[in-house]
Structures are given as C-alpha cells and as structure tokens.
Amino acid sequence: MIPGKDTQVEKNEGQKEKFGTFALFDIEHFLRRIIKNWYWFVFMLFIGYTISWVYSKYYAQNVYASDLSLSISNNTSSYFTPNQSINFIWGQGGNQDGIYLKKMLLSRSHNEFLVKELDLFVNYSTKGAIKSTYLDKYDSPVSLEIDKKHLQQINYPITLLPKGNGSYEVVLPEEGQSTNLYSYEAEGFQNISNYERPANKILKVNEWYTSPNLRFKLIQNPTVPKLELKNIIVSLGSVNQTVNDIVSTIGVEFDKEISTIMIITKKGYNLNNTVNFLNKSVNELQKKRLEDKNTVNKNTEAYLQGNLDKIRKKLDSSAAVLNYLKTSEKLYNIKNRDERSLDKIKELEAKKADIVSKLSSLNNIRNTLQSQNFDKMIATNAAGFEDGFFTATVAELKAMYAKREEMASIYKPSSEPMKEINRLISEAKMGSSNSLRNYYNKYYDEINRIDREVASANSDLSSFPEKERKYLDAERGYNMIEATYNSLLGRQNETQMNVATNKSDITVIDPAKNLGQGPISPNIKLAKIAIISIMLLLPLLFILVGELLDNKIRNIKELLSATKIPLLGVIGNNSNENMLTVLEQPKSSVSEAFRGIRANMRFLMNNDDEKGKVILITSSIGGEGKTYVSINLASVMGLSDKKTILLGMDLRKPKIFGDFKIDNKYGISNYLTGEVNIDDIVNKTNIPNLDVATSGPIPPNPSELLMSQKNIKFIEELKERYDFIIIDSPPVGLVADSYELMKHSDANIYVVRHEYTEKYMLKMITDKYHNDEIKHLGLVYNDYNTKQGYGYGYGYGYGYGYGYGYFDEDKNYKEPLLIRIRNRVQMFFNKK
C-alpha cells in the first residue's frame, strides 16, 4: 500500500485551499536542531558564566545601605517641633510629628548644611586594574581641604599617588581642564582665561597645591586605613548636585506597630560613608530641634508674661469696683438671687474669656508670620490648637525665606530660580493662612454661640432692681477677667515647665553602624542568571529565526499531510561518486529503496493495458535528483527482466549520457527534428534489458519539440517495444513541458529533496493533482539523512535504516547518541 493513497480525500473547495499549505513552524524539527547544536549551548553557557564572573568581580558596583532608628517623644509644643496629640493623619495615620521630621531630613537646608559641614562634595575612590571602588573620607590616609575662596574645577579627577614619608604625587588628566570653574562661596560658575595644563607635583601633607583651576591641601586623617591604597582619586562636585544626590538616597519609614519610631535609611557606594552621614544627620537634627524648642518656648513665656501683667492690672481694677459696691452700696447680700442662672453665665463668660485670650495669641501668630519675624514666633498651644500641617508649613516658610535671601545675592529678581522660590513661598503662605482662617472661624463661631446663651440667661435676671443688676454686672466682669488670668497663668506654667525640662524630643534607639553588611544591590545571583540566560537565548533565538525563515521540506509527515499526494518511497543520501547506485551498490539501502519504489509503482498505474508503461519523473527545480531517480529506477526495472528504456527529455540540460558513458552527439532532439531515426538514438547499456536515449544537442525550441505530435508518436512507438519507458523530464517549477507530457504517461513521479525543495514550490503540483489535472501522481522523497532513520517523521520506515547487518553500509554504521540512550533504557525495562 502506498502511504497517503489509502485515504480518500473529499475534494471540496474548503479543503482545496488547504492543500499545499505547510505549517509555519515545525516544532519537531526545531527541537532536533536544538539537540543537534547542543555544543553551541554549552559554549554559550561557558561564555555566559565567564562574563557574569568578570562582571561580578570587576565591574559590578556594590550599593550598600545602613539604617538608624529613633524615637520621637510626644511632649513637643512648637511650630518647629509639632505636637502629636492632635490626630493629624499623615503617612502612619496620626503621626503628626513625622511630617516635620521627614521634611527636615529631606530638606535642602538640612542636607546642604551637612554637605558643607562634612565636605561631602569631595568624593574619594581608588582604581584597580579594571574596577573603581568608592571610599569614605576616612578610608583614605589623607583627605582634601579645599580653599573655598578659590575657584575650583568640579568633576575633574585628581589622582594622588603615595610616595612615602607623607608625600603624594598629584596627577591631573592629560586633557579636560576647563575655564568654567565653580565657586563654593557663591555656589555658581565663573569663567576664567585659558591656561595650560597644570604639571604633576609632589605634595606633602598640609602643603597647599595651587593651579588656575584648583587649590587644596592634604590633611592627614587621624585613623590609619586598613587597606593600603596604590592610588586615591579625588573628584569635586557642586553643592547643589551633591545635595540632590544625597536626598535621592535617603529613605524614611515608620514602624508599623509604633508610629513614633522612625527608621532612616541611607544608600551609597561606601558603607562607612552612609554610616557617618546618618549619625551626623540625626545628631544635627537633635541640636536643631532643641534650639527651636527653646526659642519658641521662651518667646511664648515672654508673650504670656506680658499678657499676664496687663490682665493683672485689669483684675485689680475690677476687684476695686466690686469692693466699692459691696461697702458703699451694701449689695454683697442680694436676696432671691438666681444662683443657677448666675453660675451658668459665669461658666459661659469664663469660656468666652479663654477664647478671647486664644484669639489674641492667634493674632500674634498671624502678625509674626506676616512680618516674617520667625525669631519671635510663639507656640501654637498659646492659641489653643496644635496643627502639624501648619507648623510644618511655617518651618518650610522659614527655610524658603532664608533660601530666597541667599539666592538674591546670586540671581536677578526676574530670573527663573527666583520666580520658582517666590511661587513656593506663595503656596506655603496660602496654606498657612487657610489653616489660621479655620481657627479664626471656629473661635468666632464659639463666641457667637456663648453670647446667645448669655443673652438668654440674662433675661432671667431682668426682674432685679437697677442697683442689684449693677452689682451683678460688676461681679460678672471680675469673674471674666479672673478666668482669663487663670487661663494665661496655666499656659505660662506649662511653658515654664517645658523650658525647665527642655531636651531634644528625638532619642536614637539604634545608631547607624558598620556591621559588615553585605551590598543590597546589584543582585549578583540574579545578574549571573540573567547574563547566562541571555547567552543561552542567543543560539536559541538564532535557531528560531532560522527555523521561521527556513522554507525547505524537512518532514515527511508534514509533506504528506499538506499535499495529500501518495508517497512511493524514501531514498537516502547517495554516497557514491556517480549516479549508478543500483548498479554499483546493489546491496545498499538506497538500492533497496528504489526496489521499494518499483513495487509501489503498480498502485499508481492501470495494469490492465498490456502495452508498455510510461513513467514520467519530474521535480520543482534542478538539483532535486530527478535524473538520479530516473537512472536508478530505470536500472531497477532493467535488472528485474523488464525491457526498459530511459529517455533524457530534459532537452535544456542534458545529463544522462555522462553516467552511462554514451556519446550525446545524436539524441532525442535530433530525432524530433527529423535528422535521425529511432534506432540511431537508442543506446545499449551494461544491463541487457536497459536502453538509453539521450537528449542530444540542446535545441533552440525544446518546448515545441517535446509537445509536438512526433514526440507523442515516438512515445507510442516505444510502448510497443518496451515494457517500461522512463522519462527524465524538465522540472515543472521552471517550464511547463512536463505537464503536457504527463497527459501521455501512466505514472508520474514527483521528486522532493530533503532540506532542498522549498515548500511553496509544491503548491502548483498539489493544486493540479487535486483539481484532477494530473493523475497517477506519487512522491519520492530524496536525499534523506539516513542517520536519523527513515522512519523519522513518518511511520512507514522506508529504506529500513542502518544497524541491522542487512546492507553494505552497516559495517561503518554507528548509532546516534540519542538512539543508543533509547536502546539502553528499553533494555533496562525489558529485563524487568
């Protein structure tokens, strides 16, 4: 039975469109190509591992992180140290003080102070053969002290080479000196005249180095570094850029369980540098907080004392009036007093007096804010409120006013930086004004409510005589002044207590330490995996792209599935130097494959006709092996005692004569033009039953000759003489001659060459076959790699394969590795 012919195909229009259409991607062949190219994956694995090792050892710049935890107490009472008693929701839900501390830690003013205090704009590193390593100031035996009055070139590496005895050679780059220099006093750039590159110089500790673009001296560090450095590379940066870089590496978080515990993290290329910075930053913050608290508390105490002095005078005057009425008017014992109403009025007026006192403090805060006299600020609790947003806004305003004053010496009022700082100040002022307005509205609403209730209570006292009402009014006035005095006195006592017990409300729980923490990035393990994965993906991607772009036939099963054309046989690779494989290697697997094709031929032909059978062999293009198949199929027919003739009808490209050592002077082209007769072109071969008619000289009109009536009569006459007529015809992908000849053939063989024939080339022959334009058609799969086994891709196993001692090639056969592994596994399980 011929593979592909045992199934009837319903040739409806939908199926016809699918005939000749191959899958875009052959996963089976793709996997085999991966296995075949395994050594590339091993090689790329080695390369990837090498690259990842070199990267991690010489190029990966480690980033370290240190952290510091601190506790914020909740007994603060000023703008610059806001109280936490009010539930101002920010970040950690209720941690009002955090908004100020975080702003302070990330503020430009705080970090700029640290940059200038610690000279953080001076960066230290050392360079090995490949990799540079960042250093802390105290990792180096010496540090740089720059002359801030002298213009300096920033981002310009200064190399210090130790020369012994406290001396160092200063080596500057060969190129790169600039005339645009930085001023650390003005924090801006200035241009100078051109100058020659400063020469290298031996510099001792505490000796000044001076050049047009640099001025500094070396200071011996108090601690001896653990590592001996062959070079120290120093680079200066601008204050602004250094501050921005530092702020971007600081993180502030709050403990999830205790919101008053703050965790501050600093990242950097040097662990000691991050540790020193964090400890210094918090230490300065503690000092600043204590100064702010003292300033505000003392201002508040002075303000309250002044108000107490004024109220005391009013209280004395009111007491004198009340005593006079008691002694002169004898009104101290009023009968039928409505004590209930009087007590209510007294309570309401005491509340009003307290609110009026708070309004006075609120006016002081507003006026101080408008006058920008922050040194005279009083605490917000003097006005009876705590507001974290307001206090943080005031702190921002104070810092921005100071910054604007500093910038005014550098920038013009109309410049963009000045416009931006003015915009930020306006936004902060609006925010603080809105906060104060809310408290004003709240206090005035409360006073209006009290006044209404007092008026209602006064109606109950209208029945008293005029003199008695006069006494009651004097008594109420005294009570109101007394309530105000007591309220101020209570706030003064609180403020005096704060001053007496004042200390920083920041307590460090765990200071930053160098505990030998490992780097937090880069993730070397992940980087190694990524590098190795990328290197392994390269050959995989290369194979994938090649597979997608490869349009050649490689899979027998896919070929039959796409074309639905019967398969006559599979022919292995021809290892012989010429095309006469059947004659010279009769016991080879290839010869046996041709015998299989001969046996399968009977399924294509109509065997009722007793005349000779015409078998036409063609292909898509040249080079696919149609002539090779023609010669060997004809040889198999002749060796089976069937009188056979091989016709070389590929008139454009004659081939057959060379293998049979026949003179091609006269051939089919001469016969069709009438120059010779049939007997003149028929040549005998070493096989008694096999004759050959070569194509002859190349004619100018091969198509007309092949499609002529004389050629048809020629074939009919040969059918009377021979059992089989094998026609080696032109490829159908190049010319249409073979299609005309197929009308007169009993069987048509279409040769497809493994990994050579393009898939799209089969579309035309497939369409004609399924449209019944061509009949009796079968495929021969040529040049298949027998090391894969003929059964690969199709289950019929044509050609048998090597390894069974049956064919001549078996003596040199070595099973592929995968086959050997499979066989060992099968043997292992069969023993069980």
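Me: Which residues of helix α5 (residues 108-118) are buried, and what follows that helix?

Reply: In this predicted model, the buried residues of helix α5, which spans residues 108-118, are His110, Asn111, Glu112, Leu114 and Val115. An α-helix has 3.6 residues a turn, so residues three or four places apart point the same way. With that spacing in mind, the list can be read again on the structure: His110, Asn111 and Glu112 are buried, and so are Leu114 and Val115. After α5 comes Asp119, a residue whose phi is positive, near 55°.

Ile250 is placed in strand β13, residues 250-254, and it counts as buried because its relative accessibility is 12%, where the limit is under 20%.

Asn155, in the loop between β4 (142-146) and β5 (158-164), has a phi near 55°, a positive value in a residue other than glycine. Asn165, in the loop between β5 and β6 (167-171), likewise has a positive phi near 55° and is not a glycine. Asn155 counts as exposed because its relative accessibility is 60%, with over 50% as the limit, and Asn165 is exposed with a relative accessible area of 83%.

As for the chain as a whole, it has 24 helices and 23 strands, and buried residues make up 47% of its 832 residues. Of the contacts with a separation of 6 or more, 78% are between residues 24 or more positions apart. The chain exposes about 42900 Å², of which carbon and sulfur atoms supply 52%.

Two helix pairs show how other helices of the chain meet. Helix α2 (residues 27-36) and helix α3 (residues 38-59) have axes that come within 4 Å and cross at roughly 60°, and α2 and α3 are therefore oblique to each other. On the α2 side the residues that meet the partner are Ile34, Ile35 and Lys36, and on the α3 side they are Trp38, Tyr39 and Phe41; by class, this contact has five nonpolar residues, no polar ones and one charged residue. In the second pair, helix α15 (residues 589-600) and helix α16 (residues 626-639), the axes come within 9 Å and cross at roughly 75°, which makes α15 roughly perpendicular to α16. Here Val590, Phe594, Arg595, Ile597 and Arg598 of α15 make the contact with Tyr628, Val629, Asn632, Leu633, Val636 and Met637 of α16, and by class the contact has eight nonpolar, one polar and two charged residues.

Finally, two asparagines elsewhere in the chain may be compared with the buried Asn111 of α5. Asn748 lies in strand β22, residues 747-753, and counts as buried because its relative accessibility is 0%. The side chain of Asn748 is joined to that of Ser745 by a polar contact of 2.5 Å, and, leaving aside neighbours within four places in sequence, Asn748 is in contact with Leu604, Leu616, Met742, Ile774, Lys775, His776, Leu777 and Gly778. Asn448, by contrast, lies in helix α10, residues 416-458, and is partly exposed, with a relative accessible area of 39%. The C-alpha atoms of Asn448 and Lys352 are 9.3 Å apart, while in sequence the two residues are 96 apart.

Notes. Residues are numbered from 1 along each chain as its sequence is written. This is a predicted model: local features need pLDDT of at least 70, side-chain atom pairs count only at pLDDT 80 or more; totals for chains, interfaces and linings use all residues. Side-chain values use heavy atoms; hydrogens and water are left out. Buried means under 20% relative accessible area, exposed over 50%, partly exposed in between (1.4 Å probe, protein chains only). A polar contact is a pair of N or O atoms within 3.5 Å; within protein, one must be able to donate a hydrogen and the other to accept it, and residues adjacent in sequence count only if both atoms are side-chain atoms. Contact means heavy atoms within 4.5 Å. Axes are lines fitted to C-alpha atoms, for helices over the stretch in contact, and angles run from 0 to 180 degrees between N-to-C directions. Angles under 35 degrees count as roughly parallel, over 145 as roughly antiparallel, 65 to 115 as roughly perpendicular and the rest as oblique. Ala, Val, Leu, Ile, Met, Phe, Trp, Tyr, Cys and Pro count as nonpolar, Asp, Glu, Lys and Arg as charged, and the others, Gly among them, as polar. Accessible areas come from the Shrake-Rupley method with a 1.4 Å probe; for residues, only the protein chains shown count as cover.
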